[in-house]
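Here is a short note to read alongside the structure, written as numbered points. Please keep the chain open in your viewer as you go.

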Amino acid sequence: MSLHDGRSYLKVVENANATTCGIDLATDIAVQAGETYVLKVKGYGATPTMVIPLLKAAVTQGGQTTDLTGNLVAIPVTADGDSWSEQAFRIPDNLQEASLTVGVYNHRYRNYSTYFLH
């Protein structure tokens, strides 16, 4: 846990050997085709300059991964902007017995991005 401005956060730092830009918050979540889910994250990202942390949800079936969020929803980049970010997404009808991974990602840097989450 980390304390900033009197608020407690879980400080998450990317691994130096990361192969993707960001962190997974939950993996292998069983989902139903055709259902709509909402990803909500409260906190902010302290990533390198000019990088915007984004919510991301991806579904995997048979080794194929499909991005469901399209990098559309950003999370705040300063403690002053700390707030809820959320995005709804639908599991495609053709994805039976799929698993979901959700997280916070950025589009530029692979190593050492930091996220402060509640």
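1. Read along the sequence, the chain shows the order β-β-β-β-β-β-β-β-β, and its secondary structure comes to nine strands and zero helices. Both terms refer to DSSP runs numbered from the N terminus, where a helix is H or I with at least four residues and a strand is E with at least two.

2. Before going further, please note that this is a predicted model, in which local features need pLDDT of at least 70, side-chain atom pairs count only at pLDDT 80 or more, and totals for chains, interfaces and linings use all residues. Residues are numbered from 1 along each chain as its sequence is written, and side-chain values use heavy atoms, with hydrogens and water left out.

3. Of the 118 residues in the chain, 40% are buried, a word that here stands for under 20% relative accessible area, with over 50% called exposed and the range in between partly exposed (1.4 Å probe, protein chains only). The accessible surface of the chain is about 6800 Å², and 49% of this belongs to carbon and sulfur atoms; such areas come from the Shrake-Rupley method with a 1.4 Å probe, and for residues only the protein chains shown count as cover.

4. Among the contacts (heavy atoms within 4.5 Å) in the chain with a separation of 6 or more, 76% are between residues 24 or more positions apart.

5. Strand β4, residues 36–46, pairs antiparallel with β7 over eight bridges, where pairing requires that DSSP finds at least two bridges between two strands. Within this pair, Tyr37 has Phe89 of β7 as its bridge partner. β4 is also joined to β9, residues 114–117, by four bridges, again in the antiparallel sense, and here Ala46 has Thr114 as its partner.

6. Strand β5 (residues 54–61) runs antiparallel to β8 (residues 98–105), and seven bridges join them; Val59 stands opposite Leu100 of β8. β5 also pairs with β6 in the antiparallel sense, over four bridges, with Gln61 bridged to Gln64 in β6. These two strands, β5 and β6, form a hairpin with two residues between them, and Gly62 in the turn has a positive phi of about 55 degrees.

7. Is Asp82 buried or exposed? Asp82 lies in the loop between β6 (64–67) and β7 (83–90), and it counts as buried because its relative accessibility is 11%. Leaving aside neighbours within four places in sequence, Asp82 is in contact with Arg7, Tyr9, Lys42, Gly43, Tyr44, Pro76 and His118.
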